[in-house]
Amino acid sequence: MPLKTFLPLLFLAAGSHAQRTSESSEASITDPASECAPYAYAPVTSALAASQFPPIWTPVASLLPNDAAGLALFAKINSSIPNIPPKGTMAGDFSNFTPTYPATDPDCWWTFHQCTQPKAAGLSADVASVPEARTLGYGFDDGPNCSHNAFYDYLTAAQQKATMFYIGSNVMDWPLEAQRAVADGHEVCVHTWSHRYMTAFPNEAAFGELWYTLQAIKLVAGVTVKCWRPPFGDVDDRIRYIAAQLGLETVLWKYDSNDWKVGTGGVTTATVQANYDALIANVSAGVFDTVGAIMLTHELNNYTMQTAMDNYPALAKAFDHIVPIAVAQNQTQPYVETNYTFPTFAQYIATHNASTVPAGPVPGANSTTSSASNVTGSNTGSGSSSGSGSGSSQSTGTGVSLRVGVGAPLVLAVAMGVLAVL
Ligand SMILES: [Zn+2]
C-alpha cells in the first residue's frame, strides 16, 4: 500500500476524517472506494458546529432557534399557506388517510392521481414534461452520490448537461461532489433535506426541509437554486405553496424508469430496461412530437448510474435533443445569483451535439449484464462531516440512503398500501 494511501486510513482509524478541499482533486479520484471515504470539509464542519443546520438524515422538526432569516421568512408566509392538513406519515403510509380523502382530489395531491395542475389560486402548474418537441429533459435524483465520478466523467465526455436533484443531507456529507455538478455545468435543484414524504410534514417542518437544503447547496456550491422535486412525487397544494414562496418551481415526471425500485416489489433490471426501451419506442411513435419528455432516473447507486450510461447512446439516437430541464424551458438564469447563466435552448443545441457518445467507460449500449454486478454499489452516506447520529447508513432502494438504527428494518407502506420491507 502506498504511503499516501495508508496515511489517510490511519487518520480514519483514529476517528478523525481526512481533510479534502478541492473539487478538482476530488473529481479526479477514480476508485469508488476512495471516492466514498469520509472526509471533513471545513465550511460544513464549521456550520454544523455552529448549529446552523439540523442533524443530517433526520426529518426536520422545526426551524433552528438561531436561524433568524429562516424564522423571519416563515413567519412572513405562514398565515397564507393553504389550510390543508398533513397527510399520512413521512414514511409514506397513507392507509389511514386515503379512505376519507375526496375522490375529487381537492388538494391536487400527486400521490393520489398524479395531479400536476394546482387547484389553489396563484400556483403554477408542475413541470412534468418539457415544452420542446422530441426533447428529453434529462435529470437525476438523490445525489450527490459519493461514487459518481465515473458517471459525471461520462456526461462530460458526452458534452451532456443534466439536472441534478440533490438531497440536502447528501450535500453535507459529500460537499465536493455537490460542487462538481456546478463546476461541470449541470443544473442543481433541491430534493429535500431528509428525503421523506413531504405532504406528511407540518408547515414549518416542510419549509425547513426545503430551506436547509437550499442553504446547504448555497454553503458548499455558492448558488441558490430555483427548482425542486418532491421525493416520491409526494406534493399537494400546501407543499407547492411553501416551495413557491422559497422561489422553487416544482418538477415532477411522466415516465418512471423505476431504477430506484430494483430488488423490491418484483422490479428487476429487466423491468428497468423495458421502461427505458418503452420511452425510446415512444419517440419513434410520435408521442413527443409536440411536447418533450421527463423520465425519473437516479444517481442513487452504481447500478442506476451504470444503467443511465448504458442507455445514453440509444436515448441520444432516439431524441432530437437531450438537455437540462432549465434549458428546455429557456430558463437562462438557473440560480438567484446573476453571475451564472445557462444557454437558451437554441444556443444549447447549436453547441451540443446529441449524437456525441463517448466510448467508455461503458461497453456498449443497453447492456444490462454489465450493470447487474453493480446493484449493491451504493451511495452509502457515511455521515462524514456531521459527527452525528448512530447506526448504519443503508441504501434502502427507496431512492435515498437513510441512516437507520442497526437491525431496525424500515417498513414502508408505499402510497396506497402496497407494502415494501426495506
Ligand atoms: Zn428521491
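Here are legends for several close-up views of a predicted model.

**View 1. The whole chain, before we zoom in.**
This protein chain has 16 helices and 15 strands. Of its 422 residues, 49% are buried. Take the contacts in the chain with a separation of 6 or more: 73% of them come from residues 24 or more positions apart.

**View 2. Helix H9 is tucked into the structure.**
How many of the nine residues of H9 are buried? Eight are, so H9 is largely enclosed by the rest of the structure. The buried ones are Pro175, Leu176, Glu177, Ala178, Gln179, Arg180, Ala181 and Val182. Look just after H9 and you'll find Gly185, with a positive phi of about 90°.

**View 3. H9 meets H10.**
When two helices pack, we describe them by the angle between their axes and the distance between the axes. Here, the axes of H9 (residues 175–183) and H10 (residues 203–221) come within 9 Å and cross at roughly 80°. Angles of 65 to 115 degrees count as roughly perpendicular, so that is how H9 and H10 sit relative to each other. On the H9 side, the contact is made by Pro175, Ala178, Gln179 and Val182, while H10 brings in Ile217, Val220 and Ala221. Sorted by class, this contact of H9 with H10 has six nonpolar residues, one polar and no charged ones.

**View 4. Inside the largest nonpolar core.**
This core has 100 residues. Which of them have the most contacts inside it? They are Tyr166, Val171, Val188, Leu210 and Ile217. H10 gives the core its largest share, twelve residues. Zoom in on Ile217 and, leaving out residues up to four places away in sequence, you'll see it touching Tyr166, Val171, Ala178, Val188, Val223 and Val225.

**View 5. Strands E5 and E6, side by side.**
Strand E5 (residues 163–166) pairs with E6 in the parallel sense over four bridges. In this pair, Tyr166 stands opposite Val190 in E6. Now follow strand E6 (residues 187–190): Glu187 and Cys189 point one way, Val188 and Val190 point the other way, and all are buried.

**View 6. An open sheet of four strands.**
Reading across this sheet, the order is E9-E10-E3-E11, with parallel pairing. E9 and strand E11 (321–323) stand at the edges with a single partner strand each, so one side of each has no neighbour in the sheet. E9 and strand E10 (residues 293–296) run parallel and are joined by two bridges. Check out Asp256, which stands opposite Leu296 in E10.

**View 7. Lys261 in its loop.**
Lys261 is found in the loop between strand E9 (255–256) and helix H12 (269–284). Is Lys261 buried or exposed? A residue counts as buried if 20 or more other C-beta atoms lie within 10 Å of its own; Lys261 has 20, so it is buried. Lys261 and Thr304 are 43 residues apart in sequence, and their C-alpha atoms are 9.9 Å apart in space.

**View 8. H12 packs with H13.**
The axes of H12 and helix H13 (residues 302–318) are 10 Å apart, at an angle of about 10°. Angles under 35 degrees count as roughly parallel, so H12 and H13 get that description. H12 supplies Val272, Tyr276, Ile280, Val283 and Ser284 to the contact, and H13 supplies Thr307, Asn311, Ala314, Leu315 and Ala318. By class, this contact of H12 with H13 has seven nonpolar, three polar and no charged residues.

Key: Residues are numbered from 1 along each chain as its sequence is written. This is a predicted model: local features need pLDDT of at least 70, side-chain atom pairs count only at pLDDT 80 or more; totals for chains, interfaces and linings use all residues. Axes are lines fitted to C-alpha atoms, for helices over the stretch in contact, and angles run from 0 to 180 degrees between N-to-C directions. Angles under 35 degrees count as roughly parallel, over 145 as roughly antiparallel, 65 to 115 as roughly perpendicular and the rest as oblique. Two residues are in contact if their C-beta atoms, placed from the backbone, lie within 7 Å. Ala, Val, Leu, Ile, Met, Phe, Trp, Tyr, Cys and Pro count as nonpolar, Asp, Glu, Lys and Arg as charged, and the others, Gly among them, as polar. A nonpolar core is a set of buried Ala, Val, Leu, Ile, Met, Phe, Trp, Tyr and Cys residues joined through C-beta atoms within 7 Å. A residue is buried if 20 or more other C-beta atoms lie within 10 Å of its own, exposed if 12 or fewer, and partly exposed in between; C-beta atoms are placed from the backbone. Two strands pair if DSSP finds at least two bridges between them.
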